[in-house]
Amino acid sequence: MRVKAIPVSLSCLLPLALCAQTPCNLTLHGRVVDEHDGSPLDFTSVVIPGTAHAATADDQGRFTLEGLCPRSYTLRFSHIGCLPREQRVQLPHADTLVLYLEHHALELADVEVVAKRPDDHVGQSHTTLDRAAMELQDGTGLAGLIGDIPGVQVLRTGPTIGKPMIHGLGGNRVLVLNQGVRQEDQQWGSEHAPNLDPLSSDRITVVKGAAGVQYGADAIGGVVITEPVELPVSPGLRGEVQLQGSSNGRGGGAGGLLEGGVKGVDGLGWRVQGSGLLLGDQQSPEYVLSNTGTRDGGGSAAIGWRTPRQGIQLYYSLYLRELGILRAAHIGNVDDLQRAIATGEPWYTAPFTHAIEAPRQTVSHQLGKAKAYRFLGGRNRLEATYAFQLDERREYDVRRGGRSDIPALDLHLATHTGEGVFKHFIGERLHGKAGINALYQENLNVPGTGVRPLIPNYRKRNGGVFAVEHLDLGANLELEAGARLEATRLEVYKYTLAGGFITPVHAYTDHALSFGLNWGIRDSLRLRANIGTAFRPPQVSELYSEGLHHGTAAIEVGDPGLGSEHAVKASAELEAYALHGRLRLNLSGHGSRLGGFIQLQPDGFQLTIRGAFPVFRYTATDAWIYGLDGEAEWNFLPHWALRPRLSLVRGRDLQAHAWLYQMPADRLANSLIFRIPEAGRWHALECSLTATVVFHQSRAPMGIDFMEPPRGYHLLGLSTGVGRSLGHGELRLGLEGSNLLNAAYRDYLDAFRYYADARGTDVSVWVRYSFGGKARPPHGE
Amino acid sequence: MTKPNLFLPVLLGAAMLAGCNKDKEDELTSPAPVNEEELITDAYIHFMDGAGNTFQWHAHAVGGLEGSSGLQIEADTLPANTQLQAEVILLNRSVSPVDTVSQEVLEEGTAHQFFFVPNQVPITVGYADQDANGFPIGLHSVWQIGAPATGEVAVLLRHQPIKDAAGVSDGDITNAGGSNDLEVHFPAVVQ
């Protein structure tokens with residue numbers, strides 16, 4: 001049995017869950033709620049016109065239709081106070097239906113139901129996690145939440161820092177889009193994790209493809225999108241509180257949100273949200289990972305006003321984080337590193353503590369966003385977004401002379417972004433968007449560190465134009481084509497090692513193209529294919545690094561002559577249903593040709609008074625990365641499913657005729673899932689037991705790494721969630737366990753694999769209570 | 001962006017851009033040079049025998065730690081079959097006035113320890129100083145020089161070593177942990 005959330009936003013109606021079983025024995029579970037405030041629409045009538053299938057929703061808005069066959073149905077919903085809606089549902093559901101509608105009843109008159117949002121990722125393999133899926137993930141942080149998706153990996157720097165990697169490309173080659181704004185937060189190094197609270201969003205989408213047309217620079221490997229939340233538009237208060245506790249790190253977190261409309265002002269809605277997390281030292285199976293605690297805090301507030309023709313939204317968020325860096329990973333020279341590798345365990349361990357000492361990082365990220373839109377006749381609309389981001393990062397190192405409390409790195413990054421988009425419909429078949437975007441950024445080294453900055457001061461200006469058009473060729477075939485042109489100007493202000501002051505200027509002009517296809521070959525077979533290009537102007541660090549990188553005990557030397565990276569990536573994804581809907585199969589292949597691919601290459605040793613250091617230079621090469629992602633789900637018994645997930649990636653350096661460094665090892669995860677939609681007063685029970693195998697990475701280049709890639713490992717994880725109504729709200733409980741067998745392992749993608757094992761068993765519990773949504777008069781509109 | 005309702009974001013943007021003042025601009029485009037405060041540019045070992053004769057070993061980092069010009073080492077020949085008092089002096093000559101780093105090492109004695117590792121020369125080194133906890137620092141030491149030979153002595157400064165680990169107080173670096181702030185391999189000639 002399959003429970004799947006369909007993020008369908010009908011004006012009044014929202015079917016929530018879909019379960020499928022055997023031939024003409026499929027069951028559709030749904031829930032009808034008010035789009036405005038999420039309150040259940042009781043006694044809604046649900047019929048399939050032309051058949052005998054009919055149901056009436058209960059007082060929670062839930063309904064069930066049984067005895068359905070694996071084909072498509074049109075469901076008709078009607079409820080007093082709402083316009084009747086029709087919704088086509090394909091059984092078994094072959095694709096995530098996304099319906100884009102303005103919320104106002106008035107809009108319904110001229111907005112047609114279209115099967116796709118105009119900005120959807122037509123030909124690209126993508127995965128969306130909704131709130132329910134997010135809460136079943138055992139990871140924390142953005143990277144941890146999405147790290148189980150086939151094709152997605154986590155690039156780690158110890159247990160506290162994780163960055164997403166898509167199809168073997170990470171760091172600056174994965175764009176993070178937070179609340180619709182490209183996240184600019186000093187993502188130069190692998191030890192700089194994205195500074196955002198993933199729980200400030202209800203949905204996270206991972207696009208696994210080159211998406212340079214849609215999103216501009218950096219979207220080479222893919223894009224991680226934390227999608228903005230729609231605000232309520234009518235009165236009524238809704239809220240949520242969440243508590244969570246974890247055994248590993250002996251800590252926990254709390255979060256809450258409140259949202260509502262304003263009485264008497266139709267279309268005005270607001271939302272405030274906040275969360276905090278405190279964890280102490282993480283524990284590996286055999287020892288404490290000393291100084292790996294974290295403290296997170298964040299909050300956001302949004303207010304929006306919508307009328308049938310236009311709308312405006314203001315959003316502000318603040319995210320604060322302090323995290324410890326494994327004490328044993330602080331090294332003075334390459335001998336320390338080799339000693340750590342030879343010893344096989346951290347040289348420094350101390351009893352568990354919640355305290356955080358140097359080396360540590362404190363970061364703050366603020367985002368302010370204003371967005372407005374207006375319909376310009378028919379369905380065409382103009383959108384404008386402005387956002388300001390302020391990112392402050394302080395890194396404290398273990399220093400002499402009482403300087404451990406003075407940051408060794410103190411960066412202040414201010415970014416303004418603006419975007420204007422025209423979403424348009426040309427005739428019945430063609431729709432798309434065209435737009436312009438601009439970015440202005442200043443990076444400032446705050447004086448007083450007493451350390452020569454690795455990243456110099458700079459000013460960056462960037463502007464682009466783009467257009468993406470979609471052509472519907474019948475109900476089952478959609479084509480997409482797009483293009484973008486972008487220019488970047490970079491002014492750098494830097495002291496050279498010799499003591500001179502230089503102010504070089506760099507200019508880059510890049511373009512991207514994209515062609516996509518989304519073809520429902522049969523009801524049970526869908527093909528998505530895309531070929532797209534993407535680009536990435538070099539980062540300042542790649543141009544101007546000149547000095548000792550303490551994190552890696554290496555001297556890194558940039559090359560100001562580097563040009564932009566260009567990628568051509570092709571991907572094809574096949575989604576199929578078999579065994580009368582009991583088997584879902586999702587297979588996708590990808591291949592990227594990267595030109596001017598920038599990587600660090602070893603260039604001998606430099607003898608200093610602190611000992612010898614390896615020298616690495618940023619050099620450009622050509623590379624070829626290809627791989628396969630697969631996922632299947634087989635409902636082999638009622639309520640029981642087996643879900644294997646596979647990720648394979650290969651990367652070749654075409655100039656050196658060698659494997660690429662830090663390509664993810666092959667990974668296979670098998671989940672055994674048990675689901676029950678209703679059990680007495682409880683509902684939506686889901687348990688899954690997951691065994692993950694990460695193989696030894698035997699395809700590593702020679703002479704770059706200090707250590708052989710670590711051996712493969714097995715992990716066992718558990719995840720459960722269940723809900724019930726309580727009072728006027730809903731209670732959900734969950735239990736997660738990761739690394740249940742307490743395996744000692746090191747991961748090739750973890751920069752701290754030289755120093756210590758990864759974290760051991762963690763068991764965490766969470767409870768969430770959501771309330772409200774009934775304040776609205778039952779039949780008023 | 002011609003509709004009135006869209007002006008707000010533009011205005012907000014303009015207001016924020018206008019907030020960038022002249023001082024900020026100067027800070028960005030003409031920053032003050034950064035003095036590397038924790039650099040060690042010079043390491044000296046001063047030796048003195050019982051008769052008051054002095055000898056010196058000196059390592060100088062050309063262009064500092066991160067310089068590409070390398071390391072210059074000058075080491076006096078040490079007299080065979082003698083006992084020498086040794087003192088380590090560390091300087092940062094890249095700042096003005098010159099910073100005596102060894103003074104910081106002394107002040108944070110509990111967090112530092114020197115190690116002297118002779119290789120192919122008959123030299124044994126004993127500590128002649130103590131930190132606040134009674135563990136050696138190594139700024140002062142006594143060197144027993146044996147028969148004539150040629151080899152090297154590695155001089156290491158460990159930051160935050162585990163001083164109470166086995167053998168560490170006797171100068172055995174094996175269990176010391178910590179991180180290297182200095183590592184110079186001096187060529188040693190005993191005559």
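## The nonpolar cores

Let's start inside: the largest nonpolar core has 86 residues, and Ile146(A), Val223(A) and Val224(A) touch the most other members. A nonpolar core here is a set of buried Ala, Val, Leu, Ile, Met, Phe, Trp, Tyr and Cys residues joined through C-beta atoms within 7 Å. The largest share of this core, six residues, comes from strand β37 (residues 611-637) of chain A. A second, separate core of 37 residues includes Phe116(B), Ile137(B), Leu139(B) and Val184(B).

Who does Val223(A) touch? Leaving out residues up to four places away in sequence, Val223(A) touches Leu175(A), Leu177(A), Val207(A), Ala211(A) and Tyr215(A). Being in contact means that the C-beta atoms, placed from the backbone, lie within 7 Å.

## A note on the model

This is a predicted model, where local features need pLDDT of at least 70 and side-chain atom pairs count only at pLDDT 80 or more, while totals for chains, interfaces and linings use all residues. Residues are numbered from 1 along each chain as its sequence is written, and chains are lettered from A and ligands numbered from 1 in the order in which they are written.

## Strands that pair up

Strands are DSSP runs (E, at least two residues), numbered from the N terminus, and two of them pair if DSSP finds at least two bridges between them. Take β17 (residues 237-246) of chain A: ten bridges link it to β18 (residues 251-262) of chain A in the antiparallel sense. These two strands form a hairpin with four residues between them, and Gly249(A) in the turn has a positive phi of about 100 degrees. β17(A) also pairs with β44 (residues 762-772) of chain A, again antiparallel, over nine bridges. Gly245(A) stands opposite Gly252(A) in β18(A), and has Val765(A) as its bridge partner in β44(A).

There's also an open sheet of three strands in chain A, ordered β10-β11-β12 with antiparallel pairing. Its edge strands, β10 (152-157) and β12 (169-170), each pair on one side only. Six bridges join β10(A) to β11(A) (residues 161-166), with Arg156(A) partnered by Gly162(A).

## An exposed loop residue

Ser698(A) is in the loop between β41 (682-694) and β42 (713-726) of chain A. Is Ser698(A) buried or exposed? Ser698(A) counts as exposed because it has 11 C-beta neighbours inside 10 Å; the cut-offs are 12 or fewer for exposed, 20 or more for buried, and partly exposed in between, with C-beta atoms placed from the backbone.

## Where the chains meet

The contact between chains A and B takes 49 residues from chain A and 44 residues from chain B.

Methods: Contact = placed C-beta atoms within 7 Å.
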